[in-house]
Amino acid sequence: MRVKLKNSRFEKHHIEDFVGRTYMSFCVLLLITIIVSMVYFVASKGISTFTSGNATVSEFLFGTKWSPEADTPSFGAFPFISGSFLVTLLAALIASPLSLCAALFMTEIVPGWGKKLLQPVIELLAGIPSVVYGFIGLSVIVPFLRNNLPGQGIGVAAGALVLSVMILPTITSVAADALASLPQNLKESSYALGATRWQTISRVIIPTTFPAIMTGIVLGMARAFGEALAVQMVIGNAPFVPKSLFESASTLTSVITLGMGNTTMGSPHNNALWSMALVLMLMTFVFVFFVRMLERRNKI
């Protein structure tokens, strides 16, 4: 009886293990299939602009005229590509110092009540929908810029300010986790050598965690580069290369969201929008590559 009971238990565990491995393998294969299918679909649609002869790669990437519905259509996407990069870089420049200071405040300055105070605020910012950010930017930031600076308020500056607030939780969370994981003996060694708190922060803590902080910044830039609705509401959506921060511009995501529902599948205009989506996907791969490179250096 004991032998039969042991055999039955062994068979039950063996079946459970087989079912678990089969289920996980199926999930992994399904995930890979979905990702490959999405990449193939976007790539096949995106290159149709170039294979059909509507535009060359250089004309699409560096052309400045966008008139897809004209008698002689032009598919220059450079104004939208430059607008996406400009808004993303400005948002990262604004949000990075604020996020680093917030992370240092929570982990090094007052790790007790500072984290209890800021952590809920950061989580709240991360959970606010994009349309709310855009509406606040349209109601607060745009009138402020219009009344105090040149221009109509809408433009690159407004989009960058809205995006900087949106990516602040991402950068802050990654930076705070990196600072919290720093070995305590590094800081204690610095203090033992007579360094002050600010000397320890500037010469030990930040240089040691710099790759992880850069990872958070890159992740925040990836979030900003792919944001559509909030930027669309405050940037002006003008198909031109902006000459100043207070002029209207447009981004890849805003053009896609505004135009995709008003075009016919397979038309030159629709194919050009898919080409923009392909550029967005390739930029996502670039951001992921940079994150992986930074993670290799992030070995404390």
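This is a predicted model: local features need pLDDT of at least 70, side-chain atom pairs count only at pLDDT 80 or more; totals for chains, interfaces and linings use all residues.

**Helix packing and the annotated spans**

Mentor: The UniProt record, in an unreviewed entry, lists residues 21–43, 77–105, 117–142, 154–180, 201–222 and 272–291 under "transmembrane region".

Residues 77–105 are 97% helix and 0% strand, with the end C-alpha atoms 42 Å apart, and residues 117–142 are 92% helix and 0% strand, with 29 Å between the end C-alpha atoms.

Turning to the packing itself, begin with helix H4, which covers residues 78–109, and helix H5, which covers residues 113–127; their axes are 7 Å apart and meet at an angle of about 140 degrees. An angle over 145 degrees would count as roughly antiparallel, and H4 and H5 are therefore oblique to each other. On the H4 side the contact is made by Ala102, Phe105 and Met106, and on the H5 side by Trp113, Gly114, Lys115, Leu118 and Gln119. By class, the residues in this contact of H4 with H5 are 5 nonpolar, 2 polar and 1 charged.

The second pair is helix H7, residues 156–180, and helix H9, residues 197–225, which pack with their axes 8 Å apart and at an angle of about 150 degrees. H7 and H9 are therefore roughly antiparallel to each other, and the crossing in which H7 passes H9 is right-handed. From H7, the residues Leu163, Met166, Ile167, Thr170, Ile171, Val174, Ala175, Ala178 and Leu179 meet a set in H9 that includes Ile205, Thr209, Ala212, Ile213 and Gly216, as well as Arg223 and Ala224. The contact of H7 with H9 divides into 14 nonpolar, 4 polar and 1 charged residues.

One further helix, H11, can be described by how covered its residues are. H11 spans residues 252–259 and is mostly covered, with 6 of its 8 residues buried; the buried residues in H11 are Leu252, Thr253, Ser254, Val255, Ile256 and Gly259.

Key
Residues are numbered from 1 along each chain as its sequence is written. Side-chain values use heavy atoms; hydrogens and water are left out. Axes are lines fitted to C-alpha atoms, for helices over the stretch in contact, and angles run from 0 to 180 degrees between N-to-C directions. Helices (H or I, at least four residues) and strands (E, at least two) are DSSP runs, numbered from the N terminus. Angles under 35 degrees count as roughly parallel, over 145 as roughly antiparallel, 65 to 115 as roughly perpendicular and the rest as oblique. Contact means heavy atoms within 4.5 Å. Ala, Val, Leu, Ile, Met, Phe, Trp, Tyr, Cys and Pro count as nonpolar, Asp, Glu, Lys and Arg as charged, and the others, Gly among them, as polar. UniProt positions are given in the numbering used here, feature names are shortened, and annotations may be inferred rather than shown by experiment. Buried means under 20% relative accessible area, exposed over 50%, partly exposed in between (1.4 Å probe, protein chains only). A crossing is left-handed if the near helix is turned anticlockwise from the far one by less than a right angle, and right-handed if clockwise.
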